[in-house]
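Subject: Structure for your review

Dear colleague,

Please find below the structure that I am handing over to you. My findings follow directly after it, and I would be grateful if you would read them alongside the coordinates.

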Amino acid sequence: KSKLESEKRKKFREYVQKYILQMECGERRTIKNKLYTKGTIHHWRQVVDKVLDFHKKYPFSWDDINQALINKFITYLENDLLNKTTIQKLMKDFKKLIKDAETEGIHENFRARSLNYTIEVRDSDKSTEVYLTTEELQGLYNMELSGTEEQVRDVFLIGCFLGQRVSDYGRIEPEWFGTTRNGVKVIRLQQKKTGHRVCVP
């Protein structure tokens, strides 16, 4: 019986490790059948690392996943000094991983998908959002600058008004600029992290 339990726990670990490898080689794709981006794979690698660290400390099999184990995992993440929003995202991804395994016929623990993976996240738990007001941005725009300072200011303002990741606004090309049928000037781009196409006025 002990050997059988050990094999079951090993199967859980193997599936989780394989999950990332399948993303990397394209065997596992998004719900729209697209390849996962490097950014998404990097995120999932962090998720998998946390899950496997927890599994190493508290070995379990698919059959062992119950509410007590979920709560134990949340406590484990809290003790790792992660903030509540990060834990919430990790638990959402952990649930997806379990659901995917069930869909693929890896386990028959059907109650696992209906467990409570959420935690309460209050406003005080969220990171402080840093932003500039429209007036402050206008003030920067009106500043009399020259040379490198002017260029840095302009690039910064483009980042603010574009509202995209640094990985996107840091590689703007002239051909991205265009005009809509209604005459609105826009920047069209494909996001590096997600692959989504966006059109920004």
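Thr179 lies opposite Lys185, a residue of strand S2. Please bear in mind that the model is a predicted one. Strand S2 covers residues 185–190 and is joined to S1 by 3 bridges, with the two strands running antiparallel. On the pairing of S2 with S3, there are 4 bridges, and these strands also run antiparallel. Here Ile187 stands opposite Val200 of S3. The hairpin of S2 and S3 has 6 residues between the strands, and within this hairpin Gly195 adopts a positive phi near 85°.

Taken together, 3 strands make up an open sheet with the order S1-S2-S3 and antiparallel pairing. Its edges are formed by S1 (177–179) and S3 (197–200), each of which pairs on one side only. From one strand to the next, the twist averages 35°.

I turn next to the helices. Two packed helices are described by the angle between their axes and by the distance between those axes. For helix H5 (residues 134–142) and helix H6 (residues 147–162), the axes come within 10 Å and cross at roughly 150°. Since angles over 145 degrees count as roughly antiparallel, H5 and H6 are therefore roughly antiparallel to each other. The crossing in which H5 passes H6 is left-handed.

Which residues of H5 and H6 meet? From H5 these are Leu137, Leu140 and Tyr141, and their counterparts in H6 are Arg153, Phe156, Leu157, Cys160 and Phe161. By class, the residues of this contact between H5 and H6 comprise 7 nonpolar, no polar and 1 charged.

A pair of aromatic rings is described by the distance of the centres and the angle of the planes. The structure contains 13 aromatic pairs. One of them is formed by Phe12 and Trp62, whose arrangement is edge-to-face, with 4.6 Å from centre to centre and 65° between the planes. This pair connects distant parts of the chain, as Phe12 belongs to helix H1 (residues 2–25) and Trp62 to the loop between helix H2 (38–57) and helix H3 (67–79). Phe12 and Trp62 are 50 residues apart.

With kind regards

How values were computed
Residues numbered from 1 in each chain as written. Predicted model: local features only at pLDDT ≥ 70, side-chain atom pairs only at ≥ 80, totals over all residues. Heavy atoms only, no water. Pairing = 2+ DSSP bridges. Axes fitted to C-alpha atoms, helices over the stretch in contact; angles between N-to-C directions. Parallel < 35°, antiparallel > 145°, perpendicular 65-115°, else oblique. Left-handed = near helix turned anticlockwise from the far one by under 90°. Contact = heavy atoms within 4.5 Å. Nonpolar A, V, L, I, M, F, W, Y, C, P; charged D, E, K, R; others polar. Phe/Tyr/Trp six-rings, centres within 6.5 Å; stacked < 30°, edge-to-face > 60°.
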